[in-house]
Amino acid sequence: MNNEDLFKSAFTEARSEVVQEFREELSSMETALEAFFNNVLECCNFNSEEVLKE
């Protein structure tokens with residue numbers, strides 16, 4: 001393997017690792033945001049009569 005092939009191979013491997021890390025981080029962020037908004041909705045659970053009064 002020449003230097004260019006080694007660089008391409010290393011770059012491709014590093015890129016794959018970064019993509020996987022971002023996917024994992026986004027997945028955990030998505031889970032956290034979903035839990036947060038579900039909690040907000042539970043805390044702010046209004047029925048239609050309460051909304052119409054204000």
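Buried means under 20% relative accessible area, exposed over 50%, and partly exposed in between, with a 1.4 Å probe and protein chains only. The model is predicted: local features need pLDDT of at least 70, side-chain atom pairs count only at pLDDT 80 or more, and totals for chains, interfaces and linings use all residues. Residues are numbered from 1 along each chain as its sequence is written, and side-chain values use heavy atoms, with hydrogens and water left out.

View 1. Helices (H or I, at least four residues) and strands (E, at least two) are DSSP runs, numbered from the N terminus. Of the 54 residues, 0% count as buried. The protein exposes about 5,400 Å², and carbon and sulfur atoms supply 57% of that area. Accessible areas come from the Shrake-Rupley method with a 1.4 Å probe; for residues, only the protein chains shown count as cover.

**View 2. The salt bridge between Glu4 and Lys8.** A salt bridge is a side-chain nitrogen of Lys or Arg within 4 Å of a carboxyl oxygen of Asp or Glu. A search of the whole structure finds one. In the Glu4 and Lys8 bridge, the closest N and O atoms are 3.2 Å apart. Both residues belong to helix α1 and are four residues apart, about one turn of the helix. Lys8 is partly exposed, at a relative accessible area of 47%.

**View 3. The aromatic pair of Phe7 and Phe11.** Rings of Phe, Tyr and Trp (its six-membered ring) pair if their centres lie within 6.5 Å; planes under 30 degrees apart count as stacked, over 60 as edge-to-face and the rest as tilted. The structure holds two aromatic pairs. Phe7 and Phe11 are stacked because their ring centres are 6.1 Å apart and their planes are at 25°. The two residues are in helix α1, four residues apart, about one turn of the helix. Phe7 is exposed, with a relative accessible area of 57%, whereas Phe11 is partly exposed at 48%.

**View 4. The aromatic pair of Phe36 and Phe37.** This pair is edge-to-face, with 5.1 Å centre to centre and 70° between the planes. Phe36 counts as partly exposed at 48% relative accessibility, and Phe37 counts as partly exposed at 46%. Phe37 lies in helix α1, which covers residues 3-43.

**View 5. A nonpolar surface patch that includes Phe36 and Phe37.** Leu33, Phe36, Phe37 and Val40 make the patch, which has an area of about 370 Å². Patches are made of residues with over 30% relative accessible area and no salt bridge: like charges are joined within 9 Å, nonpolar side chains (Val, Leu, Ile, Met, Phe, Trp, Tyr) within 5 Å.
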